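Subject: Handover of a structure and notes on its contents

Dear colleague,

Please find below the structure that I am handing over to you. My notes on it follow directly after.

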Amino acid sequence: MSVFIDSNTKLLVQGITGRDGSFHSRQMMEYGTNVVAGVTPGKGGQKFEDKVPVFNTVADAVAATGANTSVIYVPPMYAADAMMEAAAAGIELVVCITEGVPVLDMTRVYPFIQEKGARLIGPNCPGAISPGQSKVGIIPGNICAPGPVGLVSRSGTLTYEVVNQMTRAGLGQTSCVGIGGDPINGTNFIDCLAAFEADPDTKAVVLIGEIGGTDEQDAARFVKENMTKPVVGFIAGQTAPPGRRMGHAGAIISGSSGTAAEKIASFEDAGMGVAERPRDVVGLLQARM
Amino acid sequence: MNIHEYQAKEIFRSAGIPIPPGEIATTPEQAEEIARRFGGTVVVKAQVHAGGRGKAGGVKLAKSPEEVRELASKIIGMTIKDLPVEKVLVTPAADIASEAYVGVIVDRASKRAVFMVSPDGGIDIEEVAASTPDRIMKLPVDPRYGLQAYEAMQMGFFLYKDDVKKARAAAQIMRQLYVAFIDSGASLAEINPLVVTPAGEVLALDAKMVIDDNELDRLPAVEALRDESSEAPSEVAAREAGLTFIKLDGNVGCVVNGAGLAMATMDLVKYYGGDPANFLDIGGSSNPEKVVNALRIITSDPNVKAILFNIFGGITRTDDVANGIVTATKQNPLTVPIVIRLTGTNEEIAVKILQENGFSAMTDMDEAVQKAVALATGKEAS
């Protein structure tokens, strides 16, 4: 079992003929993901890699292939429209990899996606992987392995660092979900924690957060009140100066809110394992499983 | 991106918000000449991307043009929170009967633009929020409909009780502020204070705007407001090179791919007893040129005593990073020790490239950070 994506995922790639879209589509296909369609306006009728049909619109692609999940690799100024197009066409899970989507666009996209009953992961995220079943996004498949740990993170390469250490220590994953580093995103920590709690194969969860906002504190409260499975947390940005955006648009400490210290305190209050360094995650998991 | 008060005022003014006139001076003489034209008492305000200008002595009242010149000569050239003041805004002083606060921000919790208003203006709104939260009204705006007249009136009445005339004037300003906020791609727009004059006029005396960097590609007119002289030169160079860079005070220069890993690397430097000199994210795509630029920016900081590369190859190919390091150090030989940690995509090729060029590579993040800290603090010789 796994969360959000599995062997039943029928994937559509928006922006499949672009530089990033084509590169990662090949990677996903090599991993074994069932890529059923691509969309690039004006390139309908072509085939990607002689295999995957390309359509002009998401609606056409869904009608012809029954795609249920979409991954978006389009430039930031077109990403909001791409997310809405996917949800409007009946796609159940929309994963937006694109970095740099204006936050005001997201204030419009979020209620739209909700009304359509779809789930959005991202934007500005590495996507999700359920090792051995499906990979949607850009998480390197070779560092993951099937196993009992669920992982959710706001970051990309930091996630790879932790997953790599877990896999090397023999701790495989049910699913890894990157929810993205933007201030407004479609899926938050609590959505993922609830999914992992409900997944019978997930025995423990790793949560990788960072400075900015109060998502981690809300997640800690959820862990305290609703989770029976052990959760281990790490927060990046303990040395970040206030008021500066640390790469991720959402990673900013405003006033006294959003600091690493308050997030770590909330983890401790929830009885979570708190990793001081990324490498401590493995030991904390082993002690709790 | 931050913009100056005078630039935000121009945006607000063109949205229809009533704002007293004002002009910009870069010399004391210009400031004096502007004050002479306005006549009467004026305010001289430092134009700098920092809060707390008043407390720092950057905002002064002057009764005569001569006094304006004297004050301007002190304010121009002063530094507020490490930022040099190069311009002052000269504006006629307004008579003030009351001060309120009006702001709109993108709120991550409600995932909407949210208005915050308070009848207690002219002071730090975060202090009001902490000490007297009942003196603040918050109103989330539905992005599909924008700020409606009745919503703006609710806030107007919150500010001015039963005075419908003032409530209406404030409501009009809030609707204009919302339009300016959306059209400029802002993440924050603020009027503090919104004042009522003894004659009953409602005016915006100050203006602040922060623009969402992600909007700038589609808003060239807003991008044109960027004032590079008020940003750190190293940060300007980094932006032009497509890197995200934030200068800090430590001595371990960090080059990392990915924002989360970059923060975690800084934290680990601190954990092992060092101090990071910067945050630097070379981003996800492979490009040796980015590495060359990153090294140039890092080595231009005289505080840097050791350089630490921490690369986790996913989309980033570690051999590209290795090639970038070799190219950069051939162009400009390093004067400080370098520690290179890379793992992931094409790791074997990268290690070979580095070894052939006299560098050693590490694969463990913690060991690399410890080594860089030891080198920077002189505990280990290179």
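Among contacts in chain B between residues at least 6 apart in sequence, what percentage join residues at least 24 apart? The figure is 67%, where two residues are in contact if their C-beta atoms, placed from the backbone, lie within 7 Å.

Please note that this is a predicted model, in which local features need pLDDT of at least 70 and side-chain atom pairs count only at pLDDT 80 or more, while totals for chains, interfaces and linings use all residues. Residues are numbered from 1 along each chain as its sequence is written, and chains are lettered from A and ligands numbered from 1 in the order in which they are written.

Chain B

Chain B has 382 residues, of which 48% count as buried; a residue is buried if 20 or more other C-beta atoms lie within 10 Å of its own, with C-beta atoms placed from the backbone. Its C-alpha trace spans about 80 × 50 × 40 Å along the principal axes. The chain holds 13 helices and 18 strands. Helices (H or I, at least four residues) and strands (E, at least two) are DSSP runs, numbered from the N terminus. Chain B is assigned domain 1 (21-92), domain 2 (98-223) and domain 3 (232-376), with bounds that come from an automatic or database domain assignment. Between the C-alpha centres of domain 1 and domain 2 of chain B there are 26 Å.

The contact between the chains

Chain A contributes 43 residues to the contact and chain B contributes 41 residues. On the side of chain A that touches chain B, helix H3 (76-88), helix H4 (103-116) and helix H5 (157-168) of chain A each give two or more residues. H4(A) provides the largest share of that side, five residues. By type, the side of chain A that touches chain B comprises 20 nonpolar, 15 polar and eight charged residues. Here Ala, Val, Leu, Ile, Met, Phe, Trp, Tyr, Cys and Pro count as nonpolar, Asp, Glu, Lys and Arg as charged, and the others, Gly among them, as polar.

Domains of chain A

Chain A is assigned domain 1 (11-121) and domain 2 (139-288), and the C-alpha centres of these two domains lie 26 Å apart. Ten residues of domain 1 of chain A touch nine residues of domain 2 of chain A. H4(A) again gives the largest share of the domain 1 side, five residues. That side divides into eight nonpolar residues, one polar and one charged.

A sheet in chain A

Seven strands of chain A form an open sheet with mixed pairing, in the order S9-S8-S11-S10-S12-S13-S14; two strands pair if DSSP finds at least two bridges between them. Its edge strands are S9 (134-137) and S14 (273-274) of chain A. Strand S13 (residues 231-236) of chain A pairs with S14(A) in the parallel sense over two bridges, and Gly233(A) has Val274(A) in S14(A) as its bridge partner.

Nonpolar cores

A nonpolar core is a set of buried Ala, Val, Leu, Ile, Met, Phe, Trp, Tyr and Cys residues joined through C-beta atoms within 7 Å. The largest has 196 residues, and those touching the most other members include Ile91(A) and Met174(B). Helix H6 (residues 164-183) of chain B gives the most to this core, ten residues. Beyond its neighbours within four places in sequence, Ile91(A) is in contact with residues including Leu12(A), Val58(A) and Ala118(A).

Yours sincerely

Methods: A residue is buried if 20 or more other C-beta atoms lie within 10 Å of its own, exposed if 12 or fewer, and partly exposed in between; C-beta atoms are placed from the backbone.
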